[in-house]
Amino acid sequence: MADMQELKRQAAKAALDRVEDGMRLGIGTGSTAEAFIRLLAERVEGGLGIVGVTTSERSEALCRELGVPTATLEAVPQLDVAIDGADELDGRLRLIKGGGGALLREKIVAAASDRMLVIADASKQVETLGDFPLPIEINGFGLIATFLAIQKASRALGLDPDLTLRRVGEEPFITDSGHLILDAAYGRIEDPEALSAALHSVPGVVEHGLFLGLATEAILASADGVSILKA
Ligand SMILES: O=C(CO)[C@H](O)[C@H](O)COP(=O)(O)O
């Protein structure tokens, strides 16, 4: 049976087949996106001409190391396709992202792209979102007030998440944009659209990891092969 990293690589490989010469690519973050970058680098070495806009310092560093050409989103503000992993997705291509802490840039890049192609091992597909704790990127100012406001906004929807400040060792995790992340364990999110609106109503929330109406296609790899989900 194929191991998890090999499944991620297979999904990434199938995504690479959709990349054409001259494309402007949004390049995601995480181990599946990293597998994609490695495969992409081989194609670039073979002469494929693309430009990538990366969603994290980590992906940017890997692209540079492997010779994948990149530009800033300021220089290339409209992209053909964003290719990125996900922590969870449902049958309607609604996603939870941000396990790697890059959700803000990932969402900005996905929104700047004509299409968003999700690459994942098939275990990421779920019936109902929410098993994976939802990453919420918040401003450091008024952390406790924002924590309480998120709790209140969630409770108004009948949800009572466990909120944990993400840490690296003893220190708070800081995103590439200088913010903090609260991981919100909801259990089940029956109405992601309502939760998204509620979280956006909290001033300290910079962005959250629910990606709704952004993904257009998912490539899911399992031991049985690769399957496609379309919006
Ligand atoms: O959203 C993300 C990073 O912010 C990643 O796409 C998500 O965490 C999936 O990661 P992996 O490909 O390692 O399973």
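User: Hi! Before we start, what makes a residue count as buried here?
Analyst: Hello! A residue is buried if 20 or more other C-beta atoms lie within 10 Å of its own. Keep in mind that this is a predicted model.

User: Good. So is E106 buried or exposed?
Analyst: E106 counts as buried, because it has 33 C-beta neighbours inside 10 Å.

User: Which helix is E106 in, and what does UniProt say about that residue?
Analyst: E106 lies in helix α4. The UniProt annotation "active site", from an unreviewed entry, covers E106.

User: And which residues does E106 touch?
Analyst: Leaving out residues up to four places away in sequence, E106 touches G28, T29, T55, D84 and K97.

User: Let's switch to the ligand. Which residues come nearest?
Analyst: There are 18 residues around the ligand, and G30, T32, G85, G99 and G100 come nearest. The elements giving two or more residues to that shell are α2 (31-45) and α4 (103-111). The largest share, 3 residues, comes from α2.

User: How does the shell split by class?
Analyst: The shell has 10 polar, 4 nonpolar and 4 charged residues.

User: New topic: which residues of α6 are buried?
Analyst: In helix α6 (residues 192-200), the buried ones are P192, L195, A198 and L199. Looking down the axis of α6, these buried residues fall within an arc of 125 degrees, so they line one face of the helix.

User: Why would spaced-out residues point the same way?
Analyst: An α-helix has 3.6 residues a turn, so residues three or four places apart point the same way.

User: Nice. What do the buried residues of α6 pack against?
Analyst: They pack against β7 (134-138), α5 (143-155), β12 (205-208) and β13 (210-211).

Methods: Residues numbered from 1 in each chain as written. Predicted model: local features only at pLDDT ≥ 70, side-chain atom pairs only at ≥ 80, totals over all residues. Near = placed C-beta within 6 Å. Helix = DSSP H or I, 4+ residues; strand = E, 2+ residues; numbered from the N terminus. Nonpolar A, V, L, I, M, F, W, Y, C, P; charged D, E, K, R; others polar. UniProt positions renumbered as here; feature names shortened; annotations may be inferred. Buried ≥ 20, exposed ≤ 12 C-beta atoms within 10 Å, placed from the backbone. Contact = placed C-beta atoms within 7 Å. Arc of directions from axis to C-beta.
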